[in-house]
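Colleague: I am new to this structure. Could you show it to me, and then take some questions?

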Amino acid sequence: MFGGLFQSRSNSDRVPKGQRLTNGFPIMTYGDTPEIKRQDWQLRVWGLATEKTFTWDDFMTMPQTEFTADFHCVTTWSKLDVKWKGVRVTDFLKYIEVDPLAVHLMEHCYGGYTTNIAMEDFARSENFFAHTLFDQPLPIDNGGPMRLVVPHLYAWKSAKWINGLEFLDKMKLGFWERNGYHHRGEPFAEERYSSF
């Protein structure tokens, strides 16, 4: 499952300091893996946004985009050129009304996991809700049926089994952030652990 770890000189500018490449896709999960069927999956929006709940079918009617992005885990592995398909965050935002006072979000997930993200890090065109990985339905162990992918931050911000977005007027810390991880998590700045 983990595959070999290797480093290529030609890819050295794409691999943050302290990271090693893997040719597998390691599974990193805290707690039990929730099993959610596509027909049961929902994403709820609330807080400083008009409350709304989206179903799987709602997401499938939104514009679908293919993405190729590098993926960096705080546990020091990186995988380049991961191929996904899903809904661009900037396309999703057209379907909701967010209060201008919202400067932060809490990502909520099936199983109770949470992670925080600033609006400026969330509302970027390279971020997306993923339901397909390498042309196959996103496996449950990788966060299926739906996860958020935020390529420019460490992978714990790419919340698996996502089911809620709570819009906030200030930063609140999520699960790993309360347990010593950095509040932002930018790989090339090695923002692994909290500065608080």
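Modeller: Some terms come before the questions. Strands are DSSP runs (E, at least two residues), numbered from the N terminus, and two strands pair if DSSP finds at least two bridges between them. This is a predicted model in which local features need pLDDT of at least 70 and side-chain atom pairs count only at pLDDT 80 or more, while totals for chains, interfaces and linings use all residues. Residues are numbered from 1 along each chain as its sequence is written, and side-chain values use heavy atoms, leaving out hydrogens and water.

Colleague: Which strands are the edge strands of the open sheet of five strands?

Modeller: The sheet has mixed pairing and runs in the order β4-β3-β12-β7-β8. An edge strand here pairs on one side only, which holds for β4 (52-55) and β8 (114-118).

Colleague: Which residue in β8 is the bridge partner of His104?

Modeller: Strand β7 covers residues 104-109 and pairs with β8 in the antiparallel sense, over five bridges. Across from His104, the bridge partner in β8 is Ala118.

Colleague: How many disulfides does the count give?

Modeller: A disulfide is counted when a pair of cysteine sulfur atoms lies within 2.5 Å. The closest cysteine sulfur to that of Cys109 is in Cys73, 15 Å away, so it is too far for a bond. By this rule the count is zero.

Colleague: Is Cys109 buried or exposed?

Modeller: Buried means under 20% relative accessible area and exposed means over 50%, with partly exposed in between (1.4 Å probe, protein chains only). Cys73 has 8% relative accessibility, so it counts as buried. Cys109 has a relative accessible area of 6%, so it too is buried.

Note on methods
Helices (H or I, at least four residues) and strands (E, at least two) are DSSP runs, numbered from the N terminus.
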